[in-house]
Amino acid sequence: MKCRVCREPAVIDVRRHNAGFCHPCFVKHCSDQVTRTIESYRMFGPEDRILVAVSGGKDSLALWDLLLRLGYRADGLYIGLGIGSYSDESGGYARRFAESRSAHLVEVDLPATFGYDIPTGSAAARRAPCSACGLSKRHLFNSAALEGGYDAVATGHNLDDEAAVLFGNVLRWDMGYLGRQQPVLPGGEGFVRKVKPLVRLGERETAAYCVLEGIDYIVEECPMAEGNRHLGYKNALNEIESTSPGSKAAFLFGFLDRISPLVQPAASAEREGLHPCPGCGSPTVAEVCAFCKLVERASSR
Amino acid sequence: MDGPLAVSALLNRLDVNRESVLVIVDGSLVTGNATVPASATVEIRPVISGGAL
């Protein structure tokens with residue numbers, strides 16, 4: 001297979017684009033896709049300070065690398081979740097990447113700061129581990145960005161992540177979640193803007209980017225994610241994609257272009273009922289925010 | 001593996017979906033139509049991750 005751009009031998013095929021790329025042209029392809037996403041959704045500008053949520057995995061490290069390569073003012077944020085040796089190992093990947101790029105990494109340790117880790121917190125709150133983890137991370141991304149004066153939090157959600165989330169939301173017709181499923185969630189009172197610059201790249205592409213660029217990342221999956229619903233959705237979509245390349249992108253971008261404008265009012269209505277949590281000041285529609293409830297339940301065990 | 005085999009054929013034989021992996025042969029990333037020599041070291045690296053979003 002030849003590179004679609006320069007006709008040199010290809011090292012990666014992207015069936016969605018019916019194309020192969022050599023190493024340099026693939027890096028440019030990734031960079032172009034991210035630039036296009038940032039610009040088309042008006043995510044941020046060259047002067048904005050970006051906090052990249054970094055897990056030590058392929059997506060977040062590829063994102064941080066691409067933003068630095070493109071000249072953005074991007075720092076990293078690593079959250080120690082207390083998931084045994086997995087957290088120790090993933091933190092190491094994040095720290096080594098930051099050191100290799102002379103980039104600034106902000107660290108928050110969940111057990112040391114809030115007195116619980118994900119295994120105990122999820123059990124105390126009777127939530128699935130991924131639910132307790134997501135809730136904790138979303139809260140800490142936002143609070144760390146507010147404290148640090150950042151203009152936006154960037155996460156490594158890729159095309160596969162977003163298509164799988166959309167698949168799940170459609171299966172349940174969850175109008176609130178569908179209304180919020182955007183590449184950009186605007187900032188507001190108590191909220192920092194959240195952006196997803198990788199939505200035009202599949203996770204096979206972010207993994208290939210890391211391999212080609214020599215970015216060492218944690219390959220192993222989080223032990224607490226094993227068998228979760230999200231992975232099942234991804235496998236189902238990949239079965240469709242294997243016989244009909246481009247289906248995931250058509251599903252996601254068809255939704256964003258045609259359906260999202262129709263369902264956004266559901267999310268806007270939810271946002272109108274927000275008020276500051278008495279515990280932490282974060283916006284919530286409940287009496288006390290879900291994060292403070294989780295901390296309280298975990299600490300009462 | 002008995003002899004040279006195309007990457008796509010190897011993945012079919014192993015019942016692995018191409019969308020869910022990268023194939024690295026002797027340390028180099030390869031495309032689906034590349035041929036894997038019988039003596040090569042092959043890594044089939046999963047790319048699907050899915051935890052809290």
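**Strands and burial**

Guide: Strand E4 (residues 73-80) of chain A has 7 of its 8 residues buried, so the rest of the structure largely encloses this strand. Buried means under 20% relative accessible area, exposed over 50%, and partly exposed in between, with a 1.4 Å probe and protein chains only. Helices (H or I, at least four residues) and strands (E, at least two) are DSSP runs numbered from the N terminus. This is a predicted model, in which local features need pLDDT of at least 70, side-chain atom pairs count only at pLDDT 80 or more, and totals for chains, interfaces and linings use all residues. Residues are numbered from 1 along each chain as its sequence is written, chains are lettered from A and ligands numbered from 1 in the order in which they are written, and side-chain values use heavy atoms, with hydrogens and water left out.

Visitor: In which sense do strand E3 (residues 49-53) of chain A and E4(A) pair, parallel or antiparallel?

Guide: Strands of a sheet pair through backbone hydrogen bonds, either parallel or antiparallel. Two strands count as paired if DSSP finds at least two bridges between them. Here E3(A) and E4(A) are parallel, over 5 bridges. Val52(A) has Gly76(A) as its bridge partner in E4(A).

Visitor: What is the order of the strands in the open sheet of chain B?

Guide: The order is E3-E2-E5, 3 strands with antiparallel pairing. Strand E3 (28-29) and strand E5 (42-46) of chain B are the edge strands, each pairing on one side only. Strand E2 (residues 21-25) of chain B joins E3(B) over 2 bridges, and Val25(B) has Ser28(B) as its bridge partner in E3(B).

Visitor: Where does Asp26(B) lie?

Guide: Asp26(B) is in the loop between E2 and E3 of chain B. Its phi is positive, about 50°, although Asp26(B) is not a glycine. With 52% relative accessibility, Asp26(B) counts as exposed.

Visitor: Which loop holds Asn18(A)?

Guide: Asn18(A) belongs to the loop between strand E1 (12-14) and strand E2 (19-21) of chain A. Asn18(A), a residue other than glycine, has a positive phi near 50°. Asn18(A) is exposed, at a relative accessible area of 71%.
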